[in-house]
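These are my notebook entries on one model.

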Amino acid sequence: HTPWPGLIEAYRDRLPIGENWKTITLREGGTPLLPAGHLSELTGCEVYLKVEGLNPTGSFKDRGMTMAVTDALARGQRAVLCASTGNTSASAAAYAAVAKMTCAVLVPQGKIAMGKLAQAVMHGAKIIQVQGNFDDCLELARKTTAEFPTIGLVNSVNPVRIEGQKTAAFEIVDALGKAPDIHALPVGNAGNITAYWKGYSEYQADGVSSSRPRMLGVQAAGAAPLVHGAPVKDPETIATAIRIGAPASWEGAVRAKEESNGVFRAATDEEILAAYRLIAATEGVFVEPASAASVAGLLAAHAEGWLDRGQTVVCTVTGNGLKDPDTALLGMPAVQPIPVDPVAVASALELV
Ligand code: F0G
């Protein structure tokens with residue numbers, strides 16, 4: 001029983017990695033595909049959660065970042081830059097720290113969850129708050145790295161990010177012994193849906209699986225450009241990770257949807273928060289709000305009769321709930337402390 005080696009070693013023959021490159025890894029990937037009992041009961045399907053919050057920095061971004069930082073180092077770059085709603089910056093900061101590279105992150109002012117900011121700080125990134133949203137930050141990152149090519153751009157517009165992230169689809173097929181019928185995931189900048197579709201397609205082309213899932217891409221209602229078919233100028237949602245109005249991987253997402261006979265749908269903040277609370281309360285999995293969009297979309301699709309009984313469904317839950325404690329505690333009433341007394345405990349439990 002050998003320990004999980006990280007995704008570059010696990011899938012080296014399917015990744016663009018030079019033989020003698022130094023690999024920068026935190027042993028990312030190999031995340032659980034967890035049977036979701038309550039969601040299965042609700043939908044009559046066999047539902048699984050791909051728990052990406054259990055990656056080293058708490059999100060799926062680590063899959064792309066092990067590739068992007070390994071690649072940047074092999075190219076002789078000494079610094080990396082990204083735009084981020086938080087998770088990309090936490091991941092870039094950690095991998096750059098291991099590679100002894102400088103990392104700078106451009107984040108939208110005041111719109112990033114506290115845990116993610118704390119991670120970037122602890123891993124020693126240079127944090128630059130920008131008076132603008134994610135889309136402004138990404139444009140700025142692209143322009144900066146175009147002008148200063150010694151700085152590597154580690155957003156998912158960098159194709160090696162997609163290569164790393166496609167391994168999540170490999171892991172799902174490896175675990176199930178087949179591709180699922182439906183795959184639901186949150187969509188922001190649309191790199192991840194592009195990556196999953198690439199992974200499923202490569203496995204099918206090589207005969208590892210005989211089919212590919214229908215893709216269900218879920219956006220927040222206030223930031224749903226792919227659902228509307230046009231960019232959104234001022235995206236707004238409580239799910240700050242996917243508060244994005246002009247997805248960079250637009251074409252990849254549309255291809256995934258069309259080739260898979262899939263759909264894009266929007267979930268309101270209320271639906272996202274309800275799914276967020278439901279999976280914490282019933283499945284024991286604490287995710288961040290954006291991650292719950294996949295489950296919110298699945299439940300809405302089920303309500304509309306889009307699912308068939310007995311189908312195998314995978315929902316990617318993309319990030320760990322600990323990243324955003326503020327949203328978890330939103331509206332929680334202040335609780336009075338009790339005396340050190342068993343009777344007071346029982347009374348607080350409303351047993352006496
Ligand atoms: N879920 C979480 C938790 C995310 O952080 C992101 C993207 C997504 C879903 C959407 O993935 O962009 O590939 O469609 N976060 C980026 C960031 C934008 O900067 O951390 P996508």
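I began with Glu236, which is partly exposed at a relative accessible area of 42%. For burial I use these classes: buried is under 20% relative accessible area, exposed is over 50%, and partly exposed lies in between, with a 1.4 Å probe and protein chains only. The side chain of Glu236 meets that of Arg243 in a salt bridge, at 3.2 Å from N to O. A salt bridge here is a side-chain nitrogen of Lys or Arg within 4 Å of a carboxyl oxygen of Asp or Glu. Arg243 counts as buried, at 11% relative accessibility.

Note on the source: this is a predicted model, in which local features need pLDDT of at least 70 and side-chain atom pairs count only at pLDDT 80 or more, while totals for chains, interfaces and linings use all residues. Residues are numbered from 1 along each chain as its sequence is written, and side-chain values use heavy atoms, with hydrogens and water left out.

Entry on other salt bridges. By the rule above I get a count of 16 salt bridges. Side chains of opposite charge can pair when their charged atoms come close. Arg265 forms one with Glu304, and the closest N and O atoms are 2.9 Å apart. Arg265 lies in strand E9 (residues 263–267) and Glu304 in the loop between H13 and strand E10 (312–317), so this pair ties together parts that are 39 residues apart in sequence. Helices (H or I, at least four residues) and strands (E, at least two) are DSSP runs, numbered from the N terminus. Arg265 is buried at 16% relative accessible area, whereas Glu304 is exposed at 58%. I also noted a network of salt bridges that links Lys50, Glu52, Arg63 and Glu171.

Entry on Glu259. What does Glu259 form a salt bridge with? The partner is Arg212, with the closest N and O atoms 3.9 Å apart. This pair links distant parts of the chain, 47 residues apart: Glu259 is in helix H11 (residues 250–259), and Arg212 is in the loop between helix H9 (191–205) and strand E8 (214–220). Glu259 is partly exposed, at 44% relative accessibility, and Arg212 is partly exposed too, at 30%. I then listed the contacts of Glu259, leaving aside its neighbours within four places in sequence, and found Trp197 and Arg212. Contact means heavy atoms within 4.5 Å. Glu259 and Trp197 are 62 residues apart in sequence, and their C-alpha atoms are 9.2 Å apart in space.

Entry on Gly199. This residue is found in helix H9. Gly199 is buried, with a relative accessible area of 0%. Apart from neighbours within four places in sequence, Gly199 is in contact with Lys166, Ala169 and Phe170.

Entry on a helix pair. At what angle do H12 and H13 pack? Helix H12 (residues 269–283) and helix H13 (residues 293–303) pack at about 105°, with their axes 8 Å apart. Axes are lines fitted to C-alpha atoms, for helices over the stretch in contact, and angles run from 0 to 180 degrees between N-to-C directions. H12 and H13 are therefore roughly perpendicular to each other. The angle classes are under 35 degrees for roughly parallel, over 145 for roughly antiparallel, 65 to 115 for roughly perpendicular, and oblique for the rest. On the H12 side I noted Glu271, Ile272, Ala275, Leu278 and Ile279, which meet Ala293, Val295, Ala296 and Leu299 in H13.

Entry on positive phi. Asn261 has a positive phi of about 55° although it is not a glycine. Asn261 sits in the loop between H11 and E9 and is exposed, at 51% relative accessible area. Glu350, likewise not a glycine, has a positive phi of about 60°. Glu350 lies in the segment after H15 and is exposed at 71%.

Last entry, on the surface. Ile338, Val343, Val345, Leu349, Leu351 and Val352 form a nonpolar patch with about 620 Å² of accessible area together. Patches are made of residues with over 30% relative accessible area and no salt bridge, like charges being joined within 9 Å and nonpolar side chains (Val, Leu, Ile, Met, Phe, Trp, Tyr) within 5 Å. Accessible areas come from the Shrake-Rupley method with a 1.4 Å probe, and for residues only the protein chains shown count as cover. Val343 is exposed, with a relative accessible area of 55%.
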